[in-house]
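Colleague: Please take me through the model shown below, a few features at a time.

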2 protein chains.
Amino acid sequence: MNSMENDPGTPMAAAASTVQPARAHPVTLRQVAEAAGVSTATVSLIVNKKKGARIAADTRNRVRDAIRDLGYRPNAMAQTLVSGSSRFIGLVADAIATTPFAGQIIHGAQDEAWKHGYALLIANTEGNGELETDAIAMMLEYKVRGILYSTWFHRATAVPASLRESDFVLVNCFSTEPDARAVIPDEVQGGRSATDILLRNGHRRIAFINATTPAPAKDGRLQGYREALEAEGIPFDESLVLEAYPDQEGGYGATEELLKRGVTAVYCYNDRMAMGLYDGLRENGLSIPGDMAVVGFDNQEVIAAHLRPPLSTVSLPHYELGAAGVRMLLGLDESPADTAVKVHCPPVERSSV
Amino acid sequence: MNSMENDPGTPMAAAASTVQPARAHPVTLRQVAEAAGVSTATVSLIVNKKKGARIAADTRNRVRDAIRDLGYRPNAMAQTLVSGSSRFIGLVADAIATTPFAGQIIHGAQDEAWKHGYALLIANTEGNGELETDAIAMMLEYKVRGILYSTWFHRATAVPASLRESDFVLVNCFSTEPDARAVIPDEVQGGRSATDILLRNGHRRIAFINATTPAPAKDGRLQGYREALEAEGIPFDESLVLEAYPDQEGGYGATEELLKRGVTAVYCYNDRMAMGLYDGLRENGLSIPGDMAVVGFDNQEVIAAHLRPPLSTVSLPHYELGAAGVRMLLGLDESPADTAVKVHCPPVERSSV
């Protein structure tokens, strides 16, 4: 693919034959010591924040000034060894890249990790077991403070054995195995919120297009729909629950069945189905929300915010899942022993209802 | 947001009050030494691959067996100090999370880094200058092998001063400053490929809806359009180039102007515009591709593959940008001194032409 493609042979051989710009020469501990007029041992004690080291305030200040003036970079690897603990949190992700969502888990985890002085060491495994084993081994060798094990969609998971060699938290997944702390989206509450948007706008006969594929989201979002109807005294009508493959084509394909149900509103399992349904409704000459109110789930921004009309939906709280995972790992949030912590899925109202 | 939210006070205080599952006890160097019947110094020499250490093959084998049997994890931090070089490559990204694309840069960079024994240390800065400075400082302190500095859309950038303390490569961005190696998408070739799809299908009067916002993509994609027409002997007609904001609403809003041009085909600056234009064309009773052939750019999967009909487009090669950035950093790909390396944007044909 690369227009400069070549067969490099060994890295070293290739490095010798190609242009490598000069990098700025790093400042050494010795240079700091010379500038401050102290021994390298003294600088080392200060840089590594050695406890109990007795160093005069004046000396300390001279060293700090020299560090600042010369732009010296302490060696974090050495500090880690000296202090006995690493400042890394590992994040194992099965698919950062194949979903536009997973990135927000990274974002939330990173923001929260940084707040507490940790850097994130990320490995994307694409669900490949061998890569996963290697990734966890690498993190353990770097003596990470703990590992977040995350999946791109909410699901049950087995806990890889090596994960137990470190503190760990499951993010967007959960396990029935003992001592597996986990943080997941609250699908039931999300389903209630989605249905509530329609109920609040006066709809009584509301269809739900659920997914054909089994998942905690399938069960939870249906339960939320039932609970919301029940709270309004509307009896659950099984014939109003359809199923389709959870993408645009599935939503489009469900149009005909939906129109036989005589409903005024529909809640779709996800935004992608809603996008397909939009096309189906339009082909039938129906307007949204005039002829049919539509609500989605996920808040997949690039779709939901830009359909015509923009889609009311419920957010999957990926950013918050990442952040909450870090807080739980560091013991800042409570970790119930036998149940996953559920994160709220906030409704996002636009103009499809 | 978290249903278990609490105010933890200091991390330590909170840690004491919450449930922390026991982690497996890590195997020590001493345990390996005891199992193998050798000194810890000998194990250390083997684990840290100390050159010139004279150790009998039999001893070496016993230590290796003990390491395997006990499941000992070497300390990568210590190895890094001993070997004098780190096995990290840093990736500074302005927005991993706010675009569904940037993830593929991570994915490509990680795959390539792993291939050469490096782990990726990622920092997402969301374009915040202070965060960026901190992120680069952190990477320098971990003595990274080098830093990839990436942006979520192709643009010119300044080179942060601290970046020059390490080897670095700009990914999806470029600079006119000296010694700034860079890898970017080939927008001109991409524009040619997009236009070629339409030309190959017999279209002669082809409109281009360009972006209103200035960017290398705006200039490059237009130049590619001109070159493709020219190669077919079709004179460039400025009146066939429209401009709109590069999202769904922009594409939709351009419909009326487009229909005045009497064209049979249109190439849109990006897939989001094409998605909006689809709605506009349908509202005018026009079918795709029968009444109007449409081509996009970006191959934003969740949109392009699932429009009705699925959209022919050109891929932004984010995965390859990340991989090529790592190869360039490690000196495996050539790095021309004064120009960015351009990566091919492959056409993806579906059924909108």
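**Helices, core and loops**

Colleague: Which residues in helix 9 of chain B meet helix 8 of chain B?
Modeller: Helices are DSSP runs of H or I with at least four residues and strands are E runs of at least two, numbered from the N terminus, while a contact needs C-beta atoms, placed from the backbone, within 7 Å. Helix 8 of chain B brings B:Glu187, B:Val188, B:Gln189, B:Gly190, B:Gly191, B:Arg192, B:Thr195, B:Asp196 and B:Leu199. In helix 9 of chain B these meet B:Pro216, B:Ala217, B:Gly220, B:Arg221, B:Leu222, B:Gln223, B:Gly224, B:Tyr225, B:Glu227, B:Ala228 and B:Leu229.

Colleague: Into how many nonpolar, polar and charged residues does that contact of helix 8 with helix 9 of chain B divide?
Modeller: Ala, Val, Leu, Ile, Met, Phe, Trp, Tyr, Cys and Pro count as nonpolar, Asp, Glu, Lys and Arg as charged, and the others, Gly among them, as polar. On that basis, the residues of this contact in chain B are 8 nonpolar, 7 polar and 5 charged.

Colleague: Before we go on, which pLDDT do side-chain atom pairs need to count?
Modeller: Residues are numbered from 1 along each chain as its sequence is written, with chains lettered from A and ligands numbered from 1 in the order written. This is a predicted model in which totals for chains, interfaces and linings use all residues, local features need pLDDT of at least 70, and side-chain atom pairs count only at pLDDT 80 or more.

Colleague: Are helix 8 and helix 9 of chain B parallel or oblique to each other?
Modeller: Axes are lines fitted to C-alpha atoms over the stretch in contact, with angles from 0 to 180 degrees between N-to-C directions. Here the axes of residues 187–200 and 216–231 of chain B come within 6 Å and cross at roughly 45 degrees. Under 35 degrees counts as roughly parallel, over 145 as roughly antiparallel, 65 to 115 as roughly perpendicular and the rest as oblique. The two helices of chain B are therefore oblique.

Colleague: Which residues of helix 4 of chain A make the contact with helix 3?
Modeller: The residues of this contact in chain A divide into 3 nonpolar, 2 polar and 1 charged. Helix 3 of chain A supplies A:Thr42, A:Val43 and A:Ile46, and helix 4 of chain A supplies A:Thr59, A:Arg60 and A:Val63.

Colleague: What share of the residues in chain A is buried?
Modeller: A residue is buried if 20 or more other C-beta atoms, placed from the backbone, lie within 10 Å of its own, exposed if 12 or fewer, and partly exposed in between. Chain A has 14 helices and 12 strands. Of its 353 residues, the buried share is 51%.

Colleague: Which residues have the most contacts inside the largest nonpolar core?
Modeller: A nonpolar core is a set of buried Ala, Val, Leu, Ile, Met, Phe, Trp, Tyr and Cys residues joined through C-beta atoms within 7 Å. Beyond four places in sequence, A:Cys268 touches residues including A:Ile209, A:Leu277 and A:Phe297. The largest core has 188 residues, and those with the most contacts inside it are A:Val183, A:Cys268, B:Val183 and B:Cys268.

Colleague: How far apart are the C-alpha atoms of A:Val348 and A:Leu311?
Modeller: A:Val348 lies in strand 12 (residues 347–348) of chain A and counts as buried because 20 C-beta neighbours lie inside 10 Å. Beyond four places in sequence, its contacts are A:Asn299, A:Ser312, A:Thr313, A:Val314 and A:Ser315. A:Val348 and A:Leu311 are 37 residues apart along the chain, and their C-alpha atoms are separated by 8.5 Å.

Colleague: What is omega of the peptide bond that joins A:Ile288 and A:Pro289?
Modeller: A:Pro289 sits in the loop between helix 12 (271–283) and strand 9 (293–295) of chain A. In chain B, the bond from B:Ile288 to B:Pro289 is cis, with omega near 0 degrees. The bond joining A:Ile288 and A:Pro289 is also cis, and its omega is about 5 degrees.

Colleague: What is phi of A:Lys143?
Modeller: A:Lys143 belongs to the loop between helix 7 (129–141) and strand 3 (146–156) of chain A. A:Lys143 is buried, since 20 other C-beta atoms lie within 10 Å. Although A:Lys143 is not a glycine, its phi is positive, about 50 degrees.

Technical notes: Two residues are in contact if their C-beta atoms, placed from the backbone, lie within 7 Å.
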